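Student: I would like to learn how to read a few features of a protein model. Please take them one at a time.

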Amino acid sequence: MLSLDQTRFLESQRVARLATVDRSGMPHVVPVCYALDGDAIHVVLDEKPKRVEARALKRVRNILENPNAALVVDHYDDQNWSRLGWIMLRGRAEIIESGLKQATAIALLRTRYSQYRSMGLEDCPVITLRIERVSDWGVLGQ
């Protein structure tokens, strides 16, 4: 589903914005670390400090109420606007709490982010967004 330029762009950026909505349509957007896995994106609910337990986070509650979600990854260059670009991935999200899919997602995230290698993520839920639609704009190939 993703072109080579889109894949390279996603792999070259470090932060995305995950958008979820509750059952009434109220949006909620948070910055996240992510790993691309074919036609899916994984985000772990890691052990960084949070105001509530991971399973009570607004993004998790939203996904349980309404699995439609989007992830935006962008490149911004304040000095050269001819290099701006973004990609938006939309699809259905799910919460994976155990098993091979969760372990695979965590392994991909640990490979991508060295900070995750020292965190105890084995019991952490993973948000997996199954990519159904892709939109992009601007410069993806650098």
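**Cysteines, strands and rings**

Tutor: Cys 33 is partly exposed, with a relative accessible area of 23%. Buried means under 20% relative accessible area, exposed over 50%, and partly exposed in between (1.4 Å probe, protein chains only). This is a predicted model: local features need pLDDT of at least 70, side-chain atom pairs count only at pLDDT 80 or more, and totals for chains, interfaces and linings use all residues. Residues are numbered from 1 along each chain as its sequence is written, and side-chain values use heavy atoms, without hydrogens and water.

Student: How many disulfides does a search of the whole structure find?

Tutor: A disulfide is a covalent bond between the sulfur atoms of two cysteines. The cut-off is a pair of cysteine sulfur atoms within 2.5 Å. Here the search finds zero. The closest cysteine sulfur to that of Cys 33 is in Cys 124, 13 Å away, which is too far for a bond. Cys 124 is buried, at 11% relative accessible area.

Student: In which sense do strands β1 and β2 pair?

Tutor: Strands are DSSP runs (E, at least two residues), numbered from the N terminus, and two of them pair if DSSP finds at least two bridges between them. β1 (residues 16–21) and β2 (residues 27–32) pair in the antiparallel sense over six bridges. Leu 18 has Val 30 in β2 as its bridge partner. The two strands form a hairpin with five residues between them, and Gly 25 in the turn has a positive phi of about 95°.

Student: Where does Arg 112 lie?

Tutor: A charge sits over a ring if NZ of Lys or CZ of Arg is within 6 Å of the ring centre and within 35 degrees of the ring normal. Arg 112 lies over the face of Tyr 34, at 4.4 Å from the ring centre.

Conventions. Helix = DSSP H or I, 4+ residues; strand = E, 2+ residues; numbered from the N terminus.
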